[in-house]
Amino acid sequence: MAEIAAELVAVEKALWSGTATAVIAETTEGEIGVLPGHEPLLGQLVENGVVIIRTTEGEKLVAAVQGGFLSVSTEKITVLADSAVWAVEVDQADAEARVREASSEEEKSRAESELRAVKRSKEK
């Protein structure tokens, strides 16, 4: 199976770097799936999106992201997010409570993104 170098980096830390068979990201133009050999592109991530990385080891890594960019070159896929959290690190009950009790639209949006990431991580 074809593979490409990929990484997920948030402003505060690098979350993952390795080889992937596919990267799926929610951009302002819609959800984009990128496979090895894809044409180079630069896309803007949505503010409360989800990124999915399919690794060459067969893992499915899912993260909730807040803004940033998706950069695709012939040799590498880079997701540079303003902030990101892995779906497996999300406390679902806490995120649901933050959606209900959010004091700002940003806080509610972040919690909704986390819940969507958890849901996407459970899909095949």
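Begin by selecting threonine 55, together with the residues that it touches: Trp16, Thr19, Ala20, Thr21 and Leu61, leaving aside neighbours within four places in sequence. Contact here means heavy atoms within 4.5 Å. Threonine 55 belongs to strand E5, residues 49-55. Helices (H or I, at least four residues) and strands (E, at least two) are DSSP runs, numbered from the N terminus. Because its relative accessibility is 4%, threonine 55 counts as buried. Buried means under 20% relative accessible area, exposed over 50%, and partly exposed in between, with a 1.4 Å probe and protein chains only.

A note on the source is needed at this point: this is a predicted model, in which local features need pLDDT of at least 70 and side-chain atom pairs count only at pLDDT 80 or more, while totals for chains, interfaces and linings use all residues. Residues are numbered from 1 along each chain as its sequence is written, and side-chain values use heavy atoms, with hydrogens and water left out.

Next, select Leu8, Val23, Ile53, Val65, Leu70 and Ile77, the residues with the most contacts inside the largest nonpolar core, which has 24 residues. Strands E1 (4-10), E2 (14-27), E3 (30-34), E5, E6 (60-72) and E7 (76-86) each give two or more residues to this core. Apart from it lies another core, of 9 residues, including Ile52, Val90, Ala117 and Val118. A nonpolar core is a set of buried Ala, Val, Leu, Ile, Met, Phe, Trp, Tyr and Cys residues joined through side-chain atoms within 4.5 Å.

Now centre the view on isoleucine 77. Among the residues that isoleucine 77 touches are Ile4, Val23, Val34 and Leu70, not counting residues up to four places away in sequence.

Which helix holds arginine 110? Arginine 110 lies in helix H2, residues 105-122. At 30% relative accessibility, this arginine counts as partly exposed. Select Gln66 and Ser83 as well: arginine 110 touches both, not counting residues up to four places away in sequence. Glycine 67 is 43 residues from arginine 110 in sequence, and their C-alpha atoms are 11 Å apart in space.

Finally, display the whole protein chain. It has 2 helices and 7 strands, in the order β-β-β-β-β-β-β-α-α along the sequence. Its C-alpha trace spans about 45 × 25 × 25 Å along the principal axes. Of its 124 residues, 42% are buried.
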